[in-house]
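Here are a few friendly notes to read alongside the model. Take them one at a time, with the picture open.

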Amino acid sequence: MNEDTFNMEIRKFLKTVGISSQREIEHAVVKALESGRLNGSESISVKMTLEAPAAGISHCIEGTIALE
């Protein structure tokens with residue numbers, strides 16, 4: 001295994017995950033605000049699951065995002 005290549009590939013993947021996740025959250029919150037499901041002053045619960053079956057990984061990260 002080439003550790004430099006491996007590290008760069010992980011970083012590229014995580015950058016893609018971060019950018020696309022942010023877009024999805026922003027889009028969903030805007031729609032929820034428009035529909036009245038959110039009022040804009042609460043915090044929302046979030047959960048991200050990372051799975052890599054070949055490596056035996058199933059890792060869940062939970063948190064909250066404040067809207068105000």
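1. How many residues apart in helix α1 are K12 and E9? They are 3 residues apart in α1 (residues 3-35), about one helical turn. Helices are DSSP runs of H or I with at least four residues, strands are runs of E with at least two, and both are numbered from the N terminus.

2. Before going on, note that this is a predicted model, where local features need pLDDT of at least 70, side-chain atom pairs count only at pLDDT 80 or more, and totals for chains, interfaces and linings use all residues. Residues are numbered from 1 along each chain as its sequence is written, and side-chain values use heavy atoms, leaving out hydrogens and water.

3. The side chains of K12 and E9 form a salt bridge, at 3.0 Å from N to O. The term means a side-chain nitrogen of Lys or Arg within 4 Å of a carboxyl oxygen of Asp or Glu. The structure holds 1 salt bridge.

4. E9 is partly exposed, with a relative accessible area of 44%. I10, also in helix α1, is partly exposed at 36%. Here buried means under 20% relative accessible area, exposed over 50%, and partly exposed in between (1.4 Å probe, protein chains only).

5. Now for the strands. β1 (residues 43-52) runs antiparallel to β2, joined by 10 bridges; pairing requires that DSSP finds at least two. K47 stands opposite E62 in β2. Of the 10 residues of β2 (residues 57-66), 0 are buried, so this strand lies largely in the open.

6. The two strands β1 and β2 make a hairpin with 4 residues between them, and G56 in the turn has a positive phi of about 75°.
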